[in-house]
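Please read each point with the model open.

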Amino acid sequence: MGRVVGVIAIFCQPLCSFNIIDMPFKRIAIAVCAMFVLAALALCWFVIASNYSDAAAFGTYKLSHEGLSSNLNLRPDHTFTQEIRDSQGARSTKGTWRRFGEAGIHFSEDFLTLPGQQGGEEDGSAYAQMEKDLGILIRLSLPTHEVVWYGRIDRSTTDQVIGRYETSGTHPRTLVLNSDHSFEQHEAGWKQTGDAKGTWSIAHNGDVVFSKEFLKPSGQPLAEYETAKAMDPRGAYFIQVEIADQKYKLSYRKKQFPWQ
């Protein structure tokens, strides 16, 4: 960026030094130079803000949350080290990481899960989303929600919501939405298996909102600060249920300046 500004300054200097040109032209030349500088700065900002490569992810990150502190170091060889300190002492681990999608970071099962963090994979691995404040300040946001996809079984039903939904795989799940706005659920969770009955309603934006009886993918009921809702299915052959944590917001912030 410094080179770009330097080139622009060299280009603008002769325009502003002609004594034979009247003052209005000098002002126009200065304004044009200023526009070049702003355009160069905007271009540099865009390049930095849109960079979610491995090089952007490398570095040391810190997290502090309710008496807990943690350091996370992502290395160029796609290994990581993690240390957590809380009232119970210090723990450390190391493992591997990789990028997925545009800004996703996937950690191996060695990653130490933090309080309030939702597990992302059945094999014990975890993930984070690389985000940027002001397009520059990098942080890794740990998910405090889980998403479960249920496929619709009774496809002949014309109602947009009412019906029977199931999942396949290691942990089969069943969800039935009845016309009286009650639901029945069977969850073969990764912690325990359970059955639940509750109610559902339609929010003003079309989302399906479930009562507190809804079971999480672990097989456990919702905590006081957790919610379960599904995006407006609009008659689709699936329903996407999101278990969200309204209490915890966990982010590792990258050390990018000496004072951090």
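1. Eight strands close into a barrel, running in the order S8-S9-S10-S11-S12-S13-S14-S15 with antiparallel pairing. From one strand to the next, the twist averages 30°. Strands here are DSSP runs of E of at least two residues, helices are runs of H or I of at least four, and both are numbered from the N terminus. Two strands pair if DSSP finds at least two bridges between them. Angles run from 0 to 180 degrees between N-to-C directions of axes, which are lines fitted to C-alpha atoms, for helices over the stretch in contact.

2. The model is predicted: local features need pLDDT of at least 70 and side-chain atom pairs count only at pLDDT 80 or more, while totals for chains, interfaces and linings use all residues. Residues are numbered from 1 along each chain as its sequence is written, and side-chain values use heavy atoms, with hydrogens and water left out.

3. Gly-151 stands opposite Glu-166 in S9.

4. The largest nonpolar core contains 25 residues, and those with the most contacts inside it are Leu-72, Leu-74, Phe-107, Met-130, Leu-140 and Tyr-252. Among the elements that each supply at least two residues of this core are helix H3 (54–57), strand S1 (59–65) and strand S16 (250–254). A second, separate core has 17 residues, including Tyr-165, Trp-200, Val-208 and Phe-210. A nonpolar core is a set of buried Ala, Val, Leu, Ile, Met, Phe, Trp, Tyr and Cys residues joined through side-chain atoms within 4.5 Å. Buried means under 20% relative accessible area, exposed over 50%, and partly exposed in between (1.4 Å probe, protein chains only).

5. Which helix gives the most to the nonpolar patch? Helix H2 (residues 23–49) does, with five residues. The patch lies on the surface, has about 1100 Å² of accessible area together, and includes Trp-45, Phe-46, Ile-48 and Trp-259. Patch residues have over 30% relative accessible area and no salt bridge, with nonpolar side chains (Val, Leu, Ile, Met, Phe, Trp, Tyr) joined within 5 Å and like charges within 9 Å. Ile-48 lies in helix H2 and counts as partly exposed because its relative accessibility is 44%.

6. Lys-197 lies in strand S12 (residues 193–202) and is exposed, with a relative accessible area of 64%. Lys-197 and Lys-212 are 15 residues apart in sequence and 9.8 Å apart in space, C-alpha to C-alpha.

Terms used
Accessible areas come from the Shrake-Rupley method with a 1.4 Å probe; for residues, only the protein chains shown count as cover. A salt bridge is a side-chain nitrogen of Lys or Arg within 4 Å of a carboxyl oxygen of Asp or Glu.
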